[in-house]
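Thank you for giving me a few minutes this morning.

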Amino acid sequence: MQFEFNFNPFRRAPGNDLLAVGGKFVSLNLVRNDRARRYILRVGPKGTIRVTVPRRGSLTEARRFADANLGWIEKQIEKLAQRVEVRRNLKVGSELLLRGESVRIEATENGIRCGREIIPGATGDLQEAVEKHFWKLAATELAPRVFAFAQQHGLTVRRVTVRN
């Protein structure tokens, strides 16, 4: 008879650990990556904390690393909260940058207009409609412009990715 014991401490369900940050508890995910050479600390868009643990690293040291950087984590979570509040304030009359120019969001009969761009059927959540339209616009306009500038300056670009 052969027994198989799994003592790998990194096979925990994500979010099992909690870290006290600024008077509240946030999820702490410890993730092993064999290619990592050092401990890496990240704060996700929802405020979760991820520590990448190198091959010979330990859970205890990863936890210590997160505790030692609590000040940095608090600052990142504050920045994240400010960014979320700015996103929620997008409404008719708001100004934003489009192709380097400040444009105002205006309501029309068919939707909304930002500069020369018309976003049809945009009602309710303007943030979602404007982001979706601008992502499509960026995907169609940015790649050709990047390739043209690269060629003009004698550079090689393999790919252009549009993310937020």
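Let me start with V162, which is partly exposed because its relative accessible area is 35%, where partly exposed means between the limits for buried, under 20%, and exposed, over 50%, with a 1.4 Å probe and protein chains only. What we have here is a predicted model, in which local features need pLDDT of at least 70 and side-chain atom pairs count only at pLDDT 80 or more, while totals for chains, interfaces and linings use all residues. Residues are numbered from 1 along each chain as its sequence is written, and side-chain values use heavy atoms, with hydrogens and water left out.

V162 sits in the segment that follows helix 3, residues 126-152, and together with W135, L142 and V146 it makes a nonpolar surface patch of about 320 Å². Such a patch takes residues with over 30% relative accessible area and no salt bridge, joining nonpolar side chains (Val, Leu, Ile, Met, Phe, Trp, Tyr) within 5 Å, whereas like charges are joined within 9 Å.

Stepping back, the chain has 3 helices and 8 strands, these being DSSP runs numbered from the N terminus, H or I over at least four residues for helices and E over at least two for strands. Along the sequence the pattern reads β-β-β-β-α-α-β-β-β-β-α, and 29% of the 164 residues count as buried.

Which order do the strands of the open sheet take? There are 4 of them, in the order 5-6-7-8 with antiparallel pairing, and two strands count as paired if DSSP finds at least two bridges between them. Strand 5 (95-98) and strand 8 are at the edges with a single partner strand each, so one side of each has no neighbour in the sheet.

Strand 7, residues 111-114, pairs with strand 8 in the antiparallel sense over 4 bridges, with I112 standing opposite I119. The hairpin of these two strands has 2 residues between them, and there G115 takes a positive phi near 65°. Strand 8, residues 117-120, has E117 and I119 on its covered face, with I118 and P120 on the uncovered one.

Finally, how many salt bridges does the structure hold? There are 6, each a side-chain nitrogen of Lys or Arg within 4 Å of a carboxyl oxygen of Asp or Glu. In one of them E61 meets R64, with the closest N and O atoms 2.7 Å apart, and both lie in helix 1, residues 59-68, about one turn from each other. Helix 1 also holds D67 and R63, 4 residues apart, whose side chains meet at 4.0 Å, N to O. R64 is partly exposed at 48% relative accessible area, and so is R63 at 28%.

E141 forms a salt bridge with R99 at 2.5 Å, a pair that links distant parts of the chain, since E141 is in helix 3 and R99 is in the loop between strand 5 and strand 6, 42 residues apart.

Definitions and conventions:
Areas by Shrake-Rupley, 256 points an atom, 1.4 Å probe, with all protein chains shown as cover.
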